[in-house]
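Dear colleague,

I am passing on the structure we talked about, and I would be glad if you could read the notes below with the model open beside them.

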Amino acid sequence: MHPLGTCHCGARKARRIQIMRVVIVGCGRVGSLLALRLAGEGHTVCVIDEKPSSFERLGDDFNGEMVVGNGLEGATLRRAGIEKADCFAAVMPGDNRNLMAAQLAREIFKVKRVITRIYDPIRAAVYREMGVETICSTVIGAGLIHDYLIDGVNRGDAVAGAGGRT
Amino acid sequence: MNQRTTPYVIVIGGGKVGYHLARHLLDRGYEVTLVEKDRVRAQWLSHQLGSCSIMVGDGDEMAFLATTGIERAGVVVGATGDDEDNLVACQLAKRKFSVPRTIARVNDPENVRLFKALGIDVPVSATELLMGLIEAELSGSDAVKGVAVKACGATLVDVALPELSSLVGRRVADVHLPGGDLVVCIVRDGLPVVPQADVVIQPGDELIIYSTTLDVESVRELVTN
């Protein structure tokens, strides 16, 4: 192949991977895993947590930002750069906190893509109806375990992606 | 019979605010259900409030809310100390149970805007109310005693007019406040006077002004000039 051709092809490919600015509230197991994976993919990541010790989960090589503060406060969210964020993930321990943070991101800061982790299946469904994008880890977890038990197929690996084995 | 004239009110959160609110509403003849998560606290509440129906449960759980008779509630009040819990309880009440009026206690004043945007009918910020009162006290001018009540993005300012105010001698109809702000009441010799168009403002009058555009200081400047 012509060297220029491959070069062009590479440039096009690189352009296709859009770099996202992501704000994550909650640096627990889910938040930290998500932050590490996104940062590893080259996205610009900022994680918010009230407890500075939570950031230890990110290890020493994490190249994103860390903000100590309450993810429900406008001032904290602004410090985390929410005004320029493309995506927002709410993964704190409480469903209501996540729902409020998500709606704050959507309604006040106009973030385009906002995803909320919810434990309670009913709440997840109600808010999804209201236009808040929710992922119910309870329903998904139960579904995966069900399928593994009955069909003998572990679909968890496919869902987990690169971070699944850690 | 009672239910026709006064709405059934569900108060979520049996802390200090919820408890005193429930007691006040019961005294005024409302039918009230007070929802409290903590069993021990709920026991104490039922000792204090007697006739009031106290229910132990999560005010943000759909299944639990369905057992409170919420479908016939006229008002749901989110009165817990956590803004996110009040928000979710009120949103569920509104969206899933079609409760006509939801009132949420807002602890962080910055959330008032969000709550309004999300369809909560009345976000009440105690912090803002206190700030308004303290601000009025601090200004301490004799000519203009102001009591400002800030809530829901509007300010209620109580101003005692100085004798030299340009408003003295004018008819209410000729008082033009910016942004459609209104004189909602005149207090004359300690008695309220309905501010009809022909009422002439007199020295010593106290005006209660409802403003959505100005802060206390600006309203004060306006009427003192």
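Predicted model: local features only at pLDDT ≥ 70, side-chain atom pairs only at ≥ 80, totals over all residues.

Chain A has 166 residues, of which 33% count as buried, and its secondary structure comprises seven helices and six strands. Read from the N terminus, the elements of chain A follow the order α-β-α-β-β-α-β-α-β-α-β-α-α. Among the contacts of chain A between residues at least 6 apart in sequence, 46% join residues at least 24 apart.

Chain B has 225 residues, with 36% of them buried, and it contains eight helices and eleven strands. For chain B, residues 24 or more positions apart account for 54% of the contacts with a separation of 6 or more.

**The parallel sheet of chain B**

Six strands of chain B form an open sheet, in the order E3-E2-E1-E4-E5-E6, and their pairing is parallel. The edges are taken by strand E3 (53-56) and strand E6 (122-125) of chain B, each of which pairs on one side only, and the twist from one strand to the next averages 20 degrees.

Helix H2 (residues 16-27) of chain B packs on this sheet, where it touches strand E1 (8-12), strand E2 (31-36), strand E4 (75-78) and E5 of chain B, and its direction makes about 165 degrees with that of E2(B). Helix H3 (residues 39-49) of chain B also packs on the sheet, touching E2 and E3 of chain B, with a direction at about 175 degrees to that of E3(B).

Within the sheet, E1(B) deserves a look of its own, since five of its five residues are buried. Tyr8(B), Ile10(B) and Ile12(B) lie on one side of E1(B) and Val9(B) and Val11(B) on the other, and with all of these buried, both faces of the strand are covered. E1(B) pairs with E2(B) in the parallel sense over five bridges, and Ile12(B) has Val35(B) in E2(B) as its bridge partner. Elsewhere in the sheet, E5(B) and E6(B) run parallel and are joined by four bridges, with Arg105(B) standing opposite Val124(B) in E6(B).

**Where the chains meet**

The contact between the chains involves 16 residues of chain B and 14 residues of chain A. On the chain B side, the elements that give two or more residues are helix H5 (83-97) and helix H6 (111-117), and H5(B) gives the most, with eight residues. By class, this side of chain B has seven nonpolar and nine charged residues, and no polar ones.

How do H4(A) and H5(B) pack, in terms of angle and of the distance between their axes? They meet at an angle of about 80 degrees, with the axes 8 Å apart, and the two helices are therefore roughly perpendicular to each other. H4(A) makes this contact through Asn96(A), Arg97(A), Leu99(A) and Met100(A), while H5(B) makes it through Asp83(B), Glu84(B), Asp85(B), Leu87(B) and Val88(B). The residues of this helix contact divide into four nonpolar, one polar and four charged.

**Nonpolar cores**

The largest nonpolar core has 76 residues, and the members that touch the most others are Val23(A), Ile24(A), Ala35(A), Val9(B), Val11(B) and Val76(B). Leaving aside residues up to four places away in sequence, Ala35(A) touches Ile24(A), Cys27(A), Val45(A), Val47(A), Leu58(A), Phe62(A) and Gly64(A). A second, separate core has ten residues, among them Leu161(B), Leu167(B), Ile186(B) and Val223(B).

**Two positive phi values**

Lys110(A), a residue other than glycine, has a positive phi, near 55 degrees. Lys110(A) sits in the loop between helix H4 (95-108) and strand E5 (113-118) of chain A, and it is exposed, with 11 other C-beta atoms within 10 Å.

In chain B, Ser98(B) is likewise a residue other than glycine with a positive phi, near 50 degrees. Ser98(B) lies in the loop between H5 and strand E5 (101-106) of chain B, and it counts as exposed because 10 other C-beta atoms lie within 10 Å, where 12 or fewer is the cut-off.

With best wishes

Key:
Residues numbered from 1 in each chain as written. Chains lettered and ligands numbered in written order. Contact = placed C-beta atoms within 7 Å. Nonpolar A, V, L, I, M, F, W, Y, C, P; charged D, E, K, R; others polar. Core = buried A, V, L, I, M, F, W, Y, C linked by C-beta atoms within 7 Å. Buried ≥ 20, exposed ≤ 12 C-beta atoms within 10 Å, placed from the backbone. Axes fitted to C-alpha atoms, helices over the stretch in contact; angles between N-to-C directions. Parallel < 35°, antiparallel > 145°, perpendicular 65-115°, else oblique. Pairing = 2+ DSSP bridges.
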